[in-house]
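This briefing describes the fold and the aromatic contacts of the structure shown below. It opens with the chain as a whole and then turns to individual residues.

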Amino acid sequence: MIDEEGYRLNVGIIIVNKEGKLFWGKRMHQEAWQFPQGGVREHETPQQAVFRELKEEVGLEPSDVRVLGRTEDWLSYDLPKHLIRHYSQPVCIGQKQIWFLLGMLSEEEKIDLNTHETPEFEGWSWVDYWLPVQNVVEFKQSVYQQALTELEEHLNKFWIKEHA
């Protein structure tokens with residue numbers, strides 16, 4: 001869904017393991033890494049979209065994770081001009097996202113990047129909390145900074161203390 005301003009409604013997914021490391025996915029056929037994310041469909045809530053995208057991109061079920069927090073408001077970024085598809089209607093100029101922080105309850109063997117017919121990721125790694133801000137494509141860096149900053153309190157309150 002694209003809103004009246006040209007932003008695609010989207011969810012971002014930050015998965016944290018019991019050691020406090022974050023899931024970091026390597027995009028198919030690219031040297032780019034990012035968190036899982038995906039569009040919100042019509043008549044779908046952001047939380048429904050998170051669990052659908054979690055299954056499609058990472059192979060995890062809702063029972064494999066615990067929702068630790070979500071951003072209060074939509075966070076948005078603009079696409080670079082060369083990535084805007086002016087021929088498609090409506091034109092999408094960027095994404096606005098609700099970000100979810102999910103605690104991984106299952107073992108990492110449950111992660112399966114090939115559950116969808118067109119996988120998003122070809123590899124993945126557990127990384128330190130702030131590494132993604134500097135290592136995601138430049139036009140997403142400020143949204144990653146905002147999301148991780150806002151969700152850090154949920155990580156500390158609902159996850160780190162339990163697994164320390």
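**Overview**

The protein chain contains 3 helices and 8 strands; helices (H or I, at least four residues) and strands (E, at least two) are DSSP runs, numbered from the N terminus. The model is a predicted one, in which local features need pLDDT of at least 70 and side-chain atom pairs count only at pLDDT 80 or more, while totals for chains, interfaces and linings use all residues. Residues are numbered from 1 along each chain as its sequence is written, and side-chain values use heavy atoms, with hydrogens and water left out.

**Overall fold**

- Read from the N terminus, the elements of the protein chain follow the order β-β-β-β-α-β-β-β-β-α-α.
- The protein chain is as compact as a globular protein of its length, because its radius of gyration of 15 Å is close to the 15 Å that the globule rule gives for 164 residues. The radius is taken over C-alpha atoms, and the rule is 2.2 Å times the number of residues to the power 0.38.
- Along the principal axes, the C-alpha atoms of the protein chain fill a box of roughly 50 × 35 × 30 Å.
- Of the 164 residues in the protein chain, 49% are buried; buried means under 20% relative accessible area, exposed over 50%, and partly exposed in between (1.4 Å probe, protein chains only).
- The protein chain has an accessible surface of about 8800 Å², and carbon and sulfur atoms hold 49% of that surface. Areas come from the Shrake-Rupley method with a 1.4 Å probe, and for residues only the protein chains shown count as cover.
- Among contacts in the protein chain with a separation of 6 or more, 73% are between residues 24 or more positions apart; contact means heavy atoms within 4.5 Å.

**Aromatic pairs**

- Rings of Phe, Tyr and Trp (its six-membered ring) pair if their centres lie within 6.5 Å; planes under 30 degrees apart count as stacked, over 60 as edge-to-face and the rest as tilted.
- By this rule there are 11 aromatic pairs.
- One of them is the edge-to-face pair of Phe23 and Trp126, with 6.3 Å centre to centre and 80° between the planes. This pair links distant parts of the chain, since Phe23 lies in strand β2 (residues 22–27) and Trp126 in strand β8 (residues 121–127), 103 residues apart.
- Phe23 is buried at a relative accessible area of 0%, and Trp126 is buried at 18%.
- Tyr77 and Phe139 form a tilted pair, with 5.6 Å centre to centre and 50° between the planes. Here Tyr77 in strand β6 (residues 75–78) is joined to Phe139 in the loop between α2 (131–135) and α3 (141–163), 62 residues apart.
- Tyr77 is buried at 4% relative accessibility, whereas Phe139 is partly exposed at 26%.
- Ring pairs also connect Phe23, Phe121, Trp124 and Trp126 in a cluster.

**Charge over a ring**

- Lys96 lies over the face of Trp74, 5.6 Å from the ring centre. The criterion is NZ of Lys or CZ of Arg within 6 Å of the ring centre and within 35 degrees of the ring normal.

**Two buried strand residues**

- Ile13 is found in strand β1 (residues 7–16) and is buried, with a relative accessible area of 0%.
- Leaving aside residues up to four places away in sequence, Ile13 touches Phe35, Pro36, Val50, Glu53, Leu54, Trp99, Phe100 and Leu102.
- Gly39 belongs to strand β4 (residues 37–39) and counts as buried at 8% relative accessibility.
- With the residues up to four places away in sequence again excluded, Gly39 touches Arg8, Leu9, Asn10, Glu44, Ala49, Arg52 and Glu53.
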